Amino acid sequence: MLKRDGANPSVWQGTADPYIVKNKTGKKEFDIAIAGGGITGITTALILQEAGFSCVILESETVCFGTTSGTTAHINTLLDVPYSTLSKNFGEENAALVRSCVAEALLFIEKNVYTYNADCGFKLQDAFLFASEEAQLKELDEIMEASEKAGIELMEAESIPVPVPFLKAMRADGQARFHPIRYVHALANAFEEAGGVIVEMSRVLEVEENEKVQVRTTGGDYFCNHLIYATHTPPGINFLHTRLVPYRSYAMAVTLEDELYPDHLTYDMYDPYHYYRTQVIDGRSYLIVGGKDHKTGKEANTEACFLALEAHIRKYFPVREVMYKWSSQYYESVDGLPYIGFLPGKERTLVATGFGGNGMIYSSVAALVLRDILLGKEHAAVKLFDPSRIKPVAGFTEFVKHNTGAVKELLKKLIPVQSIDVVAEMAPGEGRLVQYEGEKLGLYKDEQGMLHAVLPSCSHMHCDVQWNGTEKSWDCPCHGARYAPNGDLLNGPSTAPLKTIRLAD
């Protein structure tokens with residue numbers, strides 16, 4: 001079973017072995033360094049290596065540790081941000097360009113499956129979008145009209161794959177599904193066979209652009225001509241963080257009593273919406289349903305999200321057993337399109353972020369666009385996805401001040417546990433925010449009853465983190481950084497753990 005950035009294993013994590021890195025090297029200079037060993041980083045590194053660049057992947061944990069192992073793996077050109085919205089924000093011509101990019105990316109993924117013998121259960125599917133209420137009909141009609149103008153071939157559907165009541169539905173062909181970790185592992189193997197290097201447990205800490213790009217990591221310094229952040233959101237403090245909103249989504253993989261697993265990809269139109277599909281893994285079928293999305297750190301009772309999702313599934317399906325339940329994080333851009341290209345203000349650092357709920361397809365869009373940028377080729381979508389399409393906030397470097405005077409004094413203290421009133425009330429595995437002498441503490445009681453205390457101020461830009469009871473993590477609602485119960489960093493954009501506070505019996 002793979003490690004990932006949450007306490008609840010996903011169906012992908014539970015049905016894949018860890019990737020074993022083969023190319024061991026002490027080499028520190030490369031043409032291109034890619035930060036991030038998920039689907040975006042691995043895909044980008046492979047096609048750049050095959051294009052003639054020498055590449056290294058710098059992964060903070062292990063291959064597929066992050067969101068790639070938490071996706072529900074819909075490969076869709078029928079996007080979460082519909083073509084009706086893209087047409088309004090960018091014009092019909094650019095909406096059609098987006099459709100062209102994602103269609104190319106899907107064909108690219110299919111080609112990779114067969115080129116690299118990826119045993120990942122890839123299957124072409126149709127997608128169904130359905131309205132359940134009168135209020136949703138107008139929106140569905142608008143989506144259908146805009147999607148057809150963008151080049152999606154649609155038809156009105158008389159039935160849908162799932163046993164959910166509906167008023168009207170549309171059907172689009174040319175979508176797909178797969179096992180994302182097994183796909184990425186096949187690409188990682190091809191990358192290493194092509195001479196690429198993967199370095200795990202090597203978190204990027206600082207970057208300096210000089211004659212070479214110097215990348216300081218927890219595993220030493222690396223030097224390259226270009227650096228690509230394929231880290232879901234770029235680490236450090238960057239104005240893009242004010243243009244990205246972190247969300248968490250919930251998913252379950254269940255087995256069914258009647259063995260009637262629905263084919264194809266299906267979506268309702270609630271906000272947040274539900275999404276359904278089936279995956280066969282090692283001869284066993286799983287119904288995978290997701291939904292109940294919310295902004296990161298904004299839901300106090302995250303277990304209630306799982307309970308609501310399970311109740312929804314059981315309402316329509318004869319569930320035999322919930323085999324896996326997990327949540328995962330994604331980032332929405334403010335205008336509905338990802339940011340792919342040079343990081344604003346940088347000449348040699350590129351980024352791919354803001355994929356929303358369409359990371360599987362946009363990861364390949366990003367890889368293809370970044371390859372053409374670095375090869376100096378023309379790509380019609382470079383301007384459209386350019387991160388510089390939104391100008392930096394004036395005075396951004398002064399954004400978010402934090403008074404650390406009292407905090408520094410708190411960190412010097414040895415706090416007696418008996419002086420914290422709520423400790424006796426806490427159950428093993430529980431975390432809480434508490435007050436101590438006018439300051440906030442983050443407390444976690446582990447399964448052995450040992451207490452861990454952290455300063456609940458995100459080390460990124462000092463927003464207060466919140467406890468996520470289902471994934472056993474401290475989550476930042478501002479920019480999405482996440483930390484383990486003891487304060488260790490799980491996800492950026494932070495590059496440092498939470499500060500720990502000493503406790504005495």
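## Chatting through the predicted model

Colleague: Let's start with Thr255. Buried or exposed?

Modeller: Thr255 is buried, because its relative accessible area is 3%, and the cut-off for buried is under 20%. Keep in mind that this is a predicted model.

Colleague: Okay, and where is Thr255 found?

Modeller: Thr255 is in strand β11.

Colleague: What does Thr255 touch, apart from residues up to four places away in sequence?

Modeller: With those set aside, Thr255 touches Tyr261, Arg284 and Ser285, then Pro318, Val319, Arg320, Glu321 and Met323.

Colleague: Let me zoom out. How many helices and strands does the chain have?

Modeller: Nine helices and 26 strands.

Colleague: And how does the radius of gyration agree with a compact globule?

Modeller: For 505 residues, a compact globule would come out near 23 Å, and the chain has 23 Å, so the two agree. The C-alpha atoms fill a box of roughly 65 × 55 × 45 Å along the principal axes.

Colleague: What share of the residues is buried?

Modeller: Buried residues make up 57% of the 505 in the chain. As for contacts between residues at least 6 apart in sequence, 70% of them join residues at least 24 apart.

Colleague: Which residues have the most contacts inside the largest nonpolar core?

Modeller: Those are Tyr83, Phe178 and Tyr183, in a core of 92 residues. Apart from that core lies another, of 22 residues, with Phe30, Ala33, Phe239 and Leu240 among them. In soluble globular proteins, nonpolar side chains tend to be buried together.

Colleague: Helices next. At what angle do α2 and α4 pack?

Modeller: Helix α2 (residues 83-90) and helix α4 (residues 134-150) pack at about 70°, and their axes are 7 Å apart. That angle falls in the range of 65 to 115 degrees, so α2 and α4 are roughly perpendicular to each other.

Colleague: Which residues make the contact?

Modeller: Tyr83 turns up again: α2 contributes Tyr83, Ser84, Ser87 and Lys88, while α4 brings Glu142, Ile143, Ala146, Ser147 and Ala150. By class, the contact of α2 with α4 has four nonpolar, three polar and two charged residues.

Colleague: Changing topic: Arg203. Buried or exposed?

Modeller: Arg203 counts as buried, because its relative accessibility is 13%. Arg203 lies in the loop between β7 (197-199) and β8 (204-209).

Colleague: An arginine in a loop, then. What is Arg203 in contact with, leaving aside neighbours within four places in sequence?

Modeller: Arg203 is in contact with Glu59, Ser60 and Glu61, with Arg216, Thr217 and Thr218, and with Leu489, Leu490, Gly492, Ser494 and Thr495.

Colleague: Gly492 is on that list. Which way is the peptide bond from Gly492 to Pro493, cis or trans?

Modeller: Cis, with omega near 20°. Pro493 is found in the loop between β25 (489-491) and β26 (502-504). A cis peptide bond also joins Asp271 and Pro272, where omega is about 0°. The loop between β12 (265-267) and β13 (275-281) holds Pro272.

Notes:
Residues are numbered from 1 along each chain as its sequence is written. This is a predicted model: local features need pLDDT of at least 70, side-chain atom pairs count only at pLDDT 80 or more; totals for chains, interfaces and linings use all residues. Side-chain values use heavy atoms; hydrogens and water are left out. A nonpolar core is a set of buried Ala, Val, Leu, Ile, Met, Phe, Trp, Tyr and Cys residues joined through side-chain atoms within 4.5 Å. Buried means under 20% relative accessible area, exposed over 50%, partly exposed in between (1.4 Å probe, protein chains only). Helices (H or I, at least four residues) and strands (E, at least two) are DSSP runs, numbered from the N terminus. Contact means heavy atoms within 4.5 Å. Axes are lines fitted to C-alpha atoms, for helices over the stretch in contact, and angles run from 0 to 180 degrees between N-to-C directions. Angles under 35 degrees count as roughly parallel, over 145 as roughly antiparallel, 65 to 115 as roughly perpendicular and the rest as oblique. Ala, Val, Leu, Ile, Met, Phe, Trp, Tyr, Cys and Pro count as nonpolar, Asp, Glu, Lys and Arg as charged, and the others, Gly among them, as polar. The radius of gyration is taken over C-alpha atoms; the globule rule is 2.2 Å times the number of residues to the power 0.38.
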